[in-house]
Amino acid sequence: MGSAASELPTRRAPLADVAETGLKIVIVGGFGVGKTTLVRSVSEIRPLNTEEVMTQAGVGVDETTGVRAKTTTTVAFDFGRISLNERTVLYLFGAPGQERFWFLWDRLFSGTLGAVVLVDTRRMDDSWYAIDRLEHHGTPFVVAVNRFDDEPVRHSLDEIRQALALGAHVPMVDCDARVRASGKHVLITLVDHLYELALAREATS
Ligand SMILES: Nc1nc2c(ncn2[C@@H]2O[C@H](COP(=O)(O)OP(=O)(O)O)[C@@H](O)[C@H]2O)c(=O)[nH]1
Ligand SMILES: [Mg+2]
């Protein structure tokens, strides 16, 4: 079907062109969980994002309960790049967490090899939607718990796994989104997971 169309040079596939060397990874999670911070701390290029100081208009629309320190909000997505080794370059997309941007996610997930779900234990409910959409798309993911200093109770990863009803196959890690090495470890955990899934698929085909 569409043989004439398929001969036309396509100008709209920059990510497909780099797919052999670059992997598209999406960072998702609720509002204020640390997505922009993570992309910033690991990115080799100056990360692109659209942070806007929250205006009065956002009051009551953006849920800021429990995120006192946060005065900016991401209105587009974050974009960054990190080379894990000579062969693996990750292109990172931080997806906006606010409910009113959820319509963007399905587009964002196309061509995505894997995702990181960032979780803040003070606001676990915000993680549900992301996990739901990823499972729906069949996109492999890992869960990274961004540990904030004012976490009232430090829940173990096992407790968080139960609370999120995650299967034993979903890798979980602790992280501090502000620390480059920690963010990099999260991404390596995801790439290892993707690699294992690919090996398992090969073994059964
Ligand atoms: N204490 C602490 N603060 C963090 C951490 N990660 C992010 N923050 C702060 O939490 C706020 C929200 O982070 P941000 O990356 O903008 O969240 P986003 O909405 O998911 O993009 C910012 O003020 C960050 O500096 C963390 O691991 N520990
Ligand atoms: Mg952000």
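A: Let's start with Ala165, which sits in the loop between helix 6 (157-163) and strand 8 (172-175). This is a predicted model, and in it Ala165 has a positive phi of about 55 degrees despite not being a glycine. Most residues other than glycine have a negative phi.

Another positive phi turns up just after helix 5, where Gly138 takes a value of about 70 degrees. Helix 5 itself (residues 125-137) has Asp126, Ser127, Ala130, Ile131 and Leu134 buried. Those residues cover an arc of only 120 degrees around the axis, so they lie on the same side of helix 5. What do they pack against? The buried residues of helix 5 pack against strand 1 (22-29), strand 6 (114-119) and strand 7 (141-146).

Helix 3 (residues 35-42) is mostly covered, with 6 of its 8 residues buried: Lys35, Thr36, Leu38, Val39, Ser41 and Val42. Its axis and that of helix 7 (residues 180-204) come within 8 Å and cross at roughly 100 degrees, so helix 3 and helix 7 are roughly perpendicular to each other. At the contact, Leu38, Ser41 and Val42 from helix 3 meet Arg180, Gly183, Lys184 and Leu187 from helix 7. By class, that makes 3 nonpolar, 2 polar and 2 charged residues.

Methods. Residues are numbered from 1 along each chain as its sequence is written. Chains are lettered from A and ligands numbered from 1 in the order in which they are written. This is a predicted model: local features need pLDDT of at least 70, side-chain atom pairs count only at pLDDT 80 or more; totals for chains, interfaces and linings use all residues. Helices (H or I, at least four residues) and strands (E, at least two) are DSSP runs, numbered from the N terminus. A residue is buried if 20 or more other C-beta atoms lie within 10 Å of its own, exposed if 12 or fewer, and partly exposed in between; C-beta atoms are placed from the backbone. Axes are lines fitted to C-alpha atoms, for helices over the stretch in contact, and angles run from 0 to 180 degrees between N-to-C directions. Angles under 35 degrees count as roughly parallel, over 145 as roughly antiparallel, 65 to 115 as roughly perpendicular and the rest as oblique. Two residues are in contact if their C-beta atoms, placed from the backbone, lie within 7 Å. Ala, Val, Leu, Ile, Met, Phe, Trp, Tyr, Cys and Pro count as nonpolar, Asp, Glu, Lys and Arg as charged, and the others, Gly among them, as polar. The arc is that of the directions from the helix axis to the C-beta atoms.
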